[in-house]
Amino acid sequence: MRLRIRNSFKNRDNASLEEKANILAYNIWQISLAGAKNLHQEDYVYRDDAQRVGVIREYLVFLVHVADRLVFDTLSESERATFINELAINTSRQIQRNTEEIAGPGDYKDNYLATINDRFAEYSRGSFEDGRPGYSLLRMFGENVREIMGDDQVNKWTIDQIMDVDGPMLVDKMAESLESIVGQPSDEEKRKSSVELLMEE
């Protein structure tokens, strides 16, 4: 999967959470586009551009959720809320612009943000260990993509492609980008609970 993403930038340590979220949002968009293209290259069939955008949207929502899981030990609770909120807003702008080009004027941004809220409630029940989505979380993600792709003879196996190949691959690319942009917690921070970190602020 060839990607044009931005993982390095000047003055990372001085960049605001909003600036970091903006950069990651761009990268998540590129990763999602590449993922949707890869699905097609694996001979899964898009009915039209609207269906393709629907898949991209599901990829975006999933990766925003995974980012939230990954920064749990890196950011304080308030920082994490700011970062993920900015990430959601920035990716919603991408969805708004690109869906308008395909489907014409409409309020696609708010619909996307509502989907994030719904999926976060759903995905929070999925397993996530050692920085990786578990079987249950990948299955939920795969089911949501398969629902968009449909159950015809070709696309009914979409869930297997998502769970076994595309899902883990997308997460790897996004996690690499997130680490470069936000950084990793120190060993001392990893040993502390989020409550202890908040008490130090």
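User: At what angle do helix 5 and helix 6 pack, and how far apart are their axes?

Analyst: In this predicted model, where local features need pLDDT of at least 70, side-chain atom pairs count only at pLDDT 80 or more and totals use all residues, the angle is about 120° and the axes are 8 Å apart. Residues are numbered from 1 along each chain, and side-chain values use heavy atoms, without hydrogens or water. Axes are lines fitted to C-alpha atoms, for helices over the stretch in contact, with angles from 0 to 180 degrees between N-to-C directions.

User: What makes helix 5 oblique to helix 6?

Analyst: The classes are: under 35 degrees roughly parallel, over 145 roughly antiparallel, 65 to 115 roughly perpendicular, the rest oblique. The angle here is about 120°. Therefore helix 5 is oblique to helix 6. Their crossing is right-handed (near helix turned clockwise from the far one by less than a right angle; left-handed if anticlockwise).

User: Which residues make the contact of helix 5 with helix 6?

Analyst: Contact means heavy atoms within 4.5 Å. Helix 5 gives Y135, L138, R139, F141, G142, E143, V145, R146 and M149. Helix 6 gives T158, I159, I162, M163, G167, P168 and L170. By class, the contact has 10 nonpolar, 3 polar and 3 charged residues. Here Ala, Val, Leu, Ile, Met, Phe, Trp, Tyr, Cys and Pro count as nonpolar, Asp, Glu, Lys and Arg as charged, and the others, Gly among them, as polar.

User: Why are helix 1 and helix 6 called roughly antiparallel?

Analyst: Helix 1 and helix 6 pack at about 155°, with their axes 10 Å apart. That angle belongs to the antiparallel class, so the two helices are roughly antiparallel to each other. Helix 1 passes helix 6 in a right-handed crossing. The residues of this contact include I23, I28 and I31 of helix 1 and I162, L170 and I181 of helix 6. The contact divides into 12 nonpolar, 6 polar and 3 charged residues.

User: How do you know that helix 5 has a span close to the expected one?

Analyst: The expected span is 1.5 Å times one less than the number of residues. Helix 5 (residues 135-149) has 15 residues, with 21 Å expected. The model gives 20 Å from the first C-alpha to the last. Next comes G150, with a positive phi near 95°.

User: Which residues of helix 5 are buried, and what do they pack against?

Analyst: Buried means under 20% relative accessible area, exposed over 50%, partly exposed in between (1.4 Å probe, protein chains only). In helix 5, L137, L138, M140, F141, G142, N144, V145, R146 and M149 are buried. They pack against helix 1, helix 2, helix 4, strand 1, strand 2 and helix 6. In the whole chain of 201 residues, 47% are buried.

User: Why does D43 count as exposed?

Analyst: Its relative accessibility is 60%, so D43 falls in the exposed class. D43 is in the loop between helix 1 and helix 2. Its phi is positive, about 75°, although D43 is not a glycine.

User: Is D130 buried or exposed?

Analyst: D130 has a relative accessible area of 80%, so it is exposed. D130 lies in the loop between strand 1 and strand 2. D130 is not a glycine, yet has a positive phi of about 55°.

User: How many helices and strands does the chain have?

Analyst: The chain has 8 helices and 2 strands. Helices (H or I, at least four residues) and strands (E, at least two) are DSSP runs, numbered from the N terminus. The order is α-α-α-α-β-β-α-α-α-α.
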